[in-house]
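Here is a short note to go with the model you asked me to look over. I have kept the points brief, and you can follow them with the structure open beside you.

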Amino acid sequence: MLLDPPPRFSPARNPVNRLRATLPVIAAEDGSPVLPGFILWAFALNEGDLLAVEPGPDPDRSCRFRSYAERVWSAQEGFAHPWPWVEELLRQRMAAVGPRGALRLPEEARARLACGQVLLRAESHAWRDSFTLEPVGGRRLDPELLLQAGYLLPVLPGFQVMLPEDLLWMLDLEKGDRLACKPGLATADFEPCELKKPPEGWHGVELGPGGLLSLPDSLRVPSALKANAQVRLEVTLSPQATFRVTHWVGLE
């Protein structure tokens, strides 16, 4: 997936609302850790973005990374005179997001993490805007990934929706790819499917140009047929990708 450049992520339109992960990360040729695509997506990180670096839970062996831009915005919004807080941020060590998600580290962080395989931890409840990296050492790994995101999508003519560009990138989907669909009561579940014949109870649908997706009859409730109707798209990676479309009744 990271062979293709990601779309431009926007913190103002970040759909990810829950993340819990413990996973090893791969390294680039120069030894830089490469952030997984779901981390770029979850933290709205684009090439060139800066991350403030500080010691992690184990100060001698781990590093915590937080969005520098988000911390500056928080200081501006939270304090009448934000400069002392911004000045403190400027004194912190900085990392930068490079091409394909490679993380360019300051020397201090590089020394902490130059011990072979590196482990990434992210927990949205404890640290909503941060993740940590630490050496794996000789520990046994129990990988875990749970990520959830949500969108509101307009219903287009022909009873279709356009899947967002960032989601298409995350799920590595494009025109002509097949999805398995399982209709429910005013819902429809979808997942990528390479099988010619989907599992029992599911049927195959083909993704149209730009991520255009036809909705099943199970979603043709009255509110979804009105002008300016929307549906709710809920995405889960755990670690396989699935998403559910439900009808949405917004405020009039």
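Is F131 buried or exposed, and with what relative accessible area? F131 is buried, at a relative accessible area of 1%, where buried means under 20% relative accessible area, exposed over 50% and partly exposed in between, using a 1.4 Å probe and protein chains only.

1. Ground rules. This is a predicted model, in which local features need pLDDT of at least 70 and side-chain atom pairs count only at pLDDT 80 or more, while totals for chains, interfaces and linings use all residues. Residues are numbered from 1 along each chain as its sequence is written, and side-chain values use heavy atoms, with hydrogens and water left out.

2. Overall picture. The protein has five helices and 15 strands; these are DSSP runs numbered from the N terminus, with helices being H or I of at least four residues and strands E of at least two. Of the 252 residues, 45% are buried. The exposed surface comes to about 14,000 Å², with 53% of it supplied by carbon and sulfur atoms (Shrake-Rupley method, 1.4 Å probe; for residues, only the protein chains shown count as cover). Among contacts between residues at least 6 apart in sequence, 67% join residues at least 24 apart, a contact being heavy atoms within 4.5 Å.

3. Strand 7. I would start with this strand, residues 130–135, since six of its six residues are buried. S130, T132 and E134 point one way and F131, L133 and P135 the other, yet all are buried. Two strands count as paired if DSSP finds at least two bridges between them. Strand 3 (residues 63–67) runs antiparallel to strand 7 and is joined to it by four bridges, with R64 partnered by T132. Strand 6 (residues 118–123) also pairs with strand 7 in the antiparallel sense over four bridges, and there L119 has E134 as its bridge partner.

4. S130 belongs to strand 7 and is buried, at a relative accessible area of 2%. Leaving out residues up to four places away in sequence, S130 touches F43, R64, F65 and R66.

5. Aromatic pairs. The whole structure holds four aromatic pairs; rings of Phe, Tyr and Trp (its six-membered ring) pair if their centres lie within 6.5 Å, and planes under 30 degrees apart count as stacked, over 60 as edge-to-face and the rest as tilted. F65 and F131 form a stacked pair, 5.3 Å centre to centre with 15° between the planes. This pair links distant parts of the chain, with F65 in strand 3 and F131 in strand 7, 66 residues apart. F65 is buried at 0% relative accessible area. F190 and F243 also form a stacked pair, at 5.3 Å centre to centre and 15° between the planes. Here too distant parts of the chain are linked: F190 is in strand 11 (residues 187–192) and F243 in strand 15 (residues 241–248), 53 residues apart. F190 is buried at 1% relative accessibility, and F243 is buried at 2%. Ring pairs also link F43, F65 and F131 into a cluster.

6. The nonpolar core. In soluble globular proteins, nonpolar side chains tend to be buried together. The largest nonpolar core here has 63 residues, and those with the most contacts inside it are L19, F38, I39, W41, F65, F131 and F243. Such a core is a set of buried Ala, Val, Leu, Ile, Met, Phe, Trp, Tyr and Cys residues joined through side-chain atoms within 4.5 Å. L19 sits in strand 1 (residues 16–25) and is buried at a relative accessible area of 4%. Beyond four places in sequence, L19 touches residues including F38, I39, F43, A122 and L145. The C-alpha atoms of L19 and L237 are separated by 9.4 Å, although the two residues are 218 apart along the chain. F38, again leaving aside neighbours within four places, is in contact with L19, A21, L23, L145, L147, M170 and L237.

7. A buried arginine. Please also look at R112, in helix 4 (residues 107–113), which is buried at a relative accessible area of 16%. A polar atom of the R112 side chain lies 2.9 Å from the backbone oxygen of P59. The side chains of R112 and E108 are joined by a polar contact of 3.2 Å (a pair of N or O atoms within 3.5 Å; within protein, one must be able to donate a hydrogen and the other to accept it, and residues adjacent in sequence count only if both atoms are side-chain atoms). Outside four places in sequence, the contacts of R112 include P55, D60, C63 and P135.
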